[in-house]
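Thanks for coming, everyone. I have a few minutes on one structure, so please look at the screen and follow along.

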Amino acid sequence: WYNTEQNFDGGQVEISTNGTGGPWSDLGESMTLNGYNHPSMGNSSVFAGQAAFSGDSGGFIRTEIDLLNFSGQTVHIRFRMASDSVENRSGWFVDDVQVR
């Protein structure tokens, strides 16, 4: 569930195959269900020009990500959110994460 200032605040899901975490790669292209809803964030966003979850999802949504390309590897996954100080909203809430 997310409720952020559309086009400026939002979140991305990232992966690292380095055992200590980082460098990080965006998993947006691997999303197979309910991926990013905003195709290109504004220039003042940390995610400028990149896709992200932004705006209001209207409640919890299920997003699925295909991790088959990382099979057999140890990975770290992070949920990264960026916001500015212009408009305050609820933020981004992540729940019930499963890896199968």
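First, a term. Buried means under 20% relative accessible area, exposed means over 50%, and partly exposed is in between. Asn7 has a relative accessibility of 24%, so Asn7 counts as partly exposed. Keep those cut-offs in mind. One caution as well: this is a predicted model.

Let's stay with Asn7. Asn7 sits in the loop between strand E1 (2-3) and E2. Its phi is positive, about 80°, although Asn7 is not a glycine. Most residues other than glycine have a negative phi. Now go to Asn34. Here too phi is positive, near 50°, in a residue other than glycine. Asn34 is found in the loop between strand E4 (31-33) and E5. With a relative accessible area of 39%, Asn34 is partly exposed.

Next, charges. How many salt bridges does the structure hold? There are 3.

Start with Glu14 and Arg78. They form a salt bridge, with the closest N and O atoms 2.5 Å apart. This pair links distant parts of the chain: Glu14 is in strand E2 (residues 10-16), Arg78 is in strand E6, and 64 residues separate them. Is Glu14 buried or exposed? Glu14 has a relative accessible area of 5%, so it is buried. Arg78 has 28% relative accessibility, so Arg78 counts as partly exposed.

Glu14 has another partner. The side chains of Arg80 and Glu14 meet in a salt bridge at 3.3 Å, N to O. Again, distant parts of the chain are linked: Arg80 is in strand E6, Glu14 is in strand E2, and they are 66 residues apart. Arg80 is partly exposed, because its relative accessible area is 30%.

Then there is Arg62 with Glu64. Their side chains meet in a salt bridge at 2.8 Å, N to O. Arg62 has a relative accessible area of 48%, so Arg62 is partly exposed. Glu64 is partly exposed too, with 31%.

Keep Glu64 on screen, and we'll move to the pocket. The largest pocket has a volume of about 920 Å³. Two elements give two or more residues to its lining: strand E5 (64-65) and strand E6 (76-82). The lining counts 25 residues. Which of them lie nearest the centre? Those are Thr63, Glu64, Asp96, Val97 and Gln98. By class, the lining has 16 nonpolar, 3 polar and 6 charged residues.

A nonpolar surface patch of about 440 Å² is made by Ile77, Phe79, Val94, Val97 and Val99. Val99 lies in the segment after strand E7 (91-92). Why does Val99 count as exposed? Because its relative accessibility is 66%, and exposed means over 50%.

To recap. Asn7 and Asn34 have positive phi values.

Methods. Residues are numbered from 1 along each chain as its sequence is written. This is a predicted model: local features need pLDDT of at least 70, side-chain atom pairs count only at pLDDT 80 or more; totals for chains, interfaces and linings use all residues. Side-chain values use heavy atoms; hydrogens and water are left out. Patches are made of residues with over 30% relative accessible area and no salt bridge: like charges are joined within 9 Å, nonpolar side chains (Val, Leu, Ile, Met, Phe, Trp, Tyr) within 5 Å. Accessible areas come from the Shrake-Rupley method with a 1.4 Å probe; for residues, only the protein chains shown count as cover. A salt bridge is a side-chain nitrogen of Lys or Arg within 4 Å of a carboxyl oxygen of Asp or Glu. Helices (H or I, at least four residues) and strands (E, at least two) are DSSP runs, numbered from the N terminus. Buried means under 20% relative accessible area, exposed over 50%, partly exposed in between (1.4 Å probe, protein chains only). On a 1 Å grid over the protein atoms alone, a cavity is a set of points where a 1.4 Å probe fits but cannot get out, and a pocket is an open set with protein on both sides within 12 Å along at least five of seven lines; lining residues have an atom within 4 Å of a point. Grid points are joined across faces, edges and corners, and a volume is the space filled by probe spheres set on the points. Ala, Val, Leu, Ile, Met, Phe, Trp, Tyr, Cys and Pro count as nonpolar, Asp, Glu, Lys and Arg as charged, and the others, Gly among them, as polar.
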